[in-house]
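Student: Can you walk me through this protein chain? I have the sequence and the structure open.

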Amino acid sequence: MKFRLYCIFEGPENRTAPYASTTQDIRVQAMEKHGLCANFSEVSDAAQTDTISSMMLHHDIIAFFFDQVTVIPFRFDTVLEDLSDLELLLKEKNAYYRQTIRRLDGCAEMGIRAIVDQRDEEPPPDERGHLHSRDASNPGLLYLQSRKVHYTGESRTEESKEHVSRKFRAAFAGLFREFRSDASRLDVKTGVRRFCLISAYFLVPRDLLKSFRNQFRALAAMDTAKLLLSGPWPPYNFVLPGKPQFK
């Protein structure tokens, strides 16, 4: 038997109402050690299938406790081999978890996805991955050219991410505590137009959520990028490794 970890919050255990699943045979338990409380459930090897319903249930359980207290949420694949591992986790990372709870206190995560049209000039033929007929039999040159195309695309995507991130931080100034973003290239291309997906995450005080949504509507009405707002969520992206950007 293994154990799926859902979230950690400051004890005591009775600060939250017990979670009762009406969709699956699952019992959420709690371990209180060293001033922290962790929620978990037993899971068999057969039950670890990454089905949509099981992942949705995982997030529903976290959301249930998130509505009551400040939590450190864990991803669906956080499975421990033994309960002693959980006790060790609460002991060895106690200071980190407490500091993280202080950072997240009173906040929710809001997300914005932006599909950005990268209107770059048409690159020369060799940068598009095409070879002149005289180079077709040169695999070394083909490899170097393909690497050049790859890194040129990565650079453009990073530049787009930085541009959009600066714009978002300015647009939502005063409405968030921390900010993170990432980007990925999209395969869709139309002529010289290239697209990338920018994902931005904001740690927003709960009392500013309405103002945040209003500001998003104003931004979306005049922005040329396609924007999608999501949240509020438990702050998944603010408990991961990496340095956040502050307001």
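Tutor: We can go from the whole chain down to single residues.

Student: What kind of model is this, and how are residues numbered?

Tutor: This is a predicted model, in which local features need pLDDT of at least 70, side-chain atom pairs count only at pLDDT 80 or more, and totals for chains, interfaces and linings use all residues. Residues are numbered from 1 along each chain as its sequence is written, and side-chain values use heavy atoms, leaving out hydrogens and water.

Student: What does the pLDDT come to over the chain?

Tutor: The chain averages a pLDDT of 80, and 71% of the residues score at least 70. pLDDT is the predictor's confidence in each residue, from 0 to 100.

Student: Where is the pLDDT below 50?

Tutor: One such stretch is residues 120-131, which has 20 contacts in the model beyond near neighbours in sequence. Residues 142-153 are also below 50, with 12 contacts of that kind. A contact means heavy atoms within 4.5 Å. Where pLDDT is low, the predicted coordinates should not be read in detail.

Student: OK. How many helices and strands are there?

Tutor: The secondary structure comes to five helices and 10 strands. Helices (H or I, at least four residues) and strands (E, at least two) are DSSP runs, numbered from the N terminus.

Student: And how much of the chain is buried?

Tutor: Buried residues make up 39% of the 247 residues. Buried means under 20% relative accessible area, exposed over 50%, and partly exposed in between, with a 1.4 Å probe and protein chains only.

Student: What about contacts along the sequence?

Tutor: Among contacts between residues at least 6 apart in sequence, 79% join residues at least 24 apart.

Student: Is Ile112 buried or exposed?

Tutor: Ile112 counts as buried because its relative accessibility is 1%. Not counting residues up to four places away in sequence, Ile112 touches several others, including Phe168, Phe172, Ser199, Phe212 and Phe216.

Student: Where does Ser199 sit?

Tutor: Ser199 is in strand S8, and with a relative accessible area of 5% it is buried. Beyond four places in sequence, Ser199 touches Ile112, Arg113, Arg180, Ser181 and Asp182.

Student: You listed Phe212 and Phe216. Which residues of H5 are buried?

Tutor: The buried residues of H5 are Leu209, Phe212, Phe216 and Leu219. Seen down the axis of H5, they fall within an arc of 80 degrees, so they line one face of the helix. The arc is that of the directions from the helix axis to the C-beta atoms.

Student: What is on the face turned away from the buried side?

Tutor: That face of H5 carries the exposed residues Lys210, Arg217, Ala221 and Met222.

Student: How far apart are the ends of H5?

Tutor: The end C-alpha atoms of H5 (residues 209-222) are 21 Å apart, which agrees with the 20 Å that its 14 residues should span at 1.5 Å a residue. The expected span is 1.5 Å times one less than the number of residues.

Student: New topic: Cys7. Where is it?

Tutor: Cys7 is in strand S1 (residues 2-10) and counts as buried, at 0% relative accessibility. Cys7 and Thr70 are 63 residues apart in sequence but 9.7 Å apart in space, C-alpha to C-alpha. Leaving aside neighbours within four places, Cys7 is in contact with residues including Cys37, Phe65 and Ile72.

Student: What else touches Ile72?

Tutor: Thr100 touches Ile72 and Val239, not counting residues up to four places away in sequence. Thr100 lies in helix H3 (residues 94-104) and is buried, with a relative accessible area of 1%.
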